[in-house]
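Let me put the structure up first.

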Amino acid sequence: MSPEDFDPAVTALLAAVQVTPAEVAACAPMTGGTYNSLLRLVLRDGRRWVVKRPPAAGSGSALRYEHDLLRGEAEFFRAARNVSGVPVPQLVHVEAGGSPPVVSGIVMTECPGVAWSEVDTSLTAGERTTLRQELGRVVARLHSLTGPEYDYPARPFGPPAADWRSAFTAMTGAVLDDAEHHGVELPRPTARVRELLAEAGEVLTDVTRPALVHFDLWQGNLLLDGDPGTRTLAGVIDAERMFWGDPVAEFVSLALFDDIERDDAFLAGYAEVAFTDAVRLRLDLYRCYLYLIMLVEAVPRRCSPEQLAWTRRTVGKHLPASLDAVASALAGQP
């Protein structure tokens with residue numbers, strides 16, 4: 001791809017920061033994302049930027065919570081830049097327009113390094129322990145930030161909720177509505193899932209502060225830099241799924257399909273959580289939410305047959321297990 005091939009919208013984003021296509025030395029689309037589009041730019045003066053844009057209007061792939069996702073990403077990076085020791089991109093420009101305004105593009109600096117997922121198998125046990133401890137410290141710093149209200153910053157479900165229980169009820173209700181709208185077959189009847197999540201809602205009243213939650217901290221969104229044996233966490237990226245809410249929700253993607261309580265290194269770095277029965281119940285609720293998103297989004301995004309089969313096989317196994325864990329907790333069973 002050459003600068004001459006830029007979409008007019010990309011050219012306009014660069015013009016907003018006084019950069020012309022002629023000042024771009026190299027550019028290439030970035031892969032790995034499943035929703036927004038990413039373009040890596042290297043300017044002739046050496047600056048390295050990433051341009052991020054949402055899908056075209058009317059693409060039909062968005063779930064309800066995905067309305068104006070880039071607004072949340074911009075808010076996450078602005079907030080995180082105020083915390084020492086958290087490696088996130090610096091926002092260069094945020095483009096917004098319309099009524100009500102929607103963020104139509106972001107220009108940000110590129111963090112150094114490669115995705116943790118690409119080098120994980122080459123890490124020694126000691127290096128992995130050190131990195132998980134470092135990650136725990138970084139996540140704890142992020143969770144120290146308190147937002148103005150519970151919810152996604154774009155308020156996709158209407159006015160902000162008065163409390164976390166109301167906000168999370170709207171979040172789960174929306175993805176279940178999406179399942180029905182797109183004809184997604186879930187492992188359990190939608191009505192029963194709604195009923196069970198509502199029955200467990202009282203435990204959410206324990207949350208009294210809207211913390212900053214990334215909600216997508218799998219290894220692909222964590223960048224490592226440095227030589228083997230001395231790698232460090234160099235980037236926390238792709239914050240488009242963020243919301244202000246319960247920090248316990250973060251532990252789902254940090255140990256996807258696994259148990260964060262077994263990650264001693266991460267917890268040693270985080271150092272601020274006690275896994276009571278109530279916390280475990282909240283964690284199971286958030287597992288349900290993420291698994292529902294994963295199952296539902298695969299249909300409107302027209303995933304390949306192989307991807308769809310993997311999602312249904314893998315997530316379709318873990319969602320019922322998490323729902324059963326919620327039901328068992330409500331019944332007072334171990």
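Tyrosine 270 has a relative accessible area of 6% in this predicted model, and since the cut-off for buried is under 20%, this tyrosine counts as buried. Phenylalanine 251 is likewise buried, at 2% relative accessibility.

How do these two belong together? A search of the whole structure finds 18 aromatic pairs, and the rings of phenylalanine 251 and tyrosine 270 make an edge-to-face pair, because their centres are 5.3 Å apart and their planes stand at 80°, where over 60 degrees is what edge-to-face requires. Phenylalanine 251 sits in helix H7, residues 250-254, while tyrosine 270 belongs to helix H8, residues 264-270, so that this contact ties together parts lying 19 residues apart in sequence.

Let me turn to another pair, phenylalanine 257 with tyrosine 291, whose ring centres are 5.6 Å apart and whose planes meet at 25°, so this pair is stacked, the limit for stacking being under 30 degrees. Here phenylalanine 257 comes from the loop between H7 and H8, and tyrosine 291 from helix H9, residues 277-297, which links distant parts of the chain, 34 residues apart. As for accessibility, phenylalanine 257 is partly exposed, with a relative accessible area of 22%, whereas tyrosine 291 is buried, at 2%.

Finally, which residues do ring pairs link into a cluster? They are Tyr65, Tyr150, Tyr152, Phe157, Trp164, Phe168, Phe215, Phe243, Tyr286 and Tyr289.

Methods: Residues are numbered from 1 along each chain as its sequence is written. This is a predicted model: local features need pLDDT of at least 70, side-chain atom pairs count only at pLDDT 80 or more; totals for chains, interfaces and linings use all residues. Side-chain values use heavy atoms; hydrogens and water are left out. Rings of Phe, Tyr and Trp (its six-membered ring) pair if their centres lie within 6.5 Å; planes under 30 degrees apart count as stacked, over 60 as edge-to-face and the rest as tilted. Helices (H or I, at least four residues) and strands (E, at least two) are DSSP runs, numbered from the N terminus. Buried means under 20% relative accessible area, exposed over 50%, partly exposed in between (1.4 Å probe, protein chains only).
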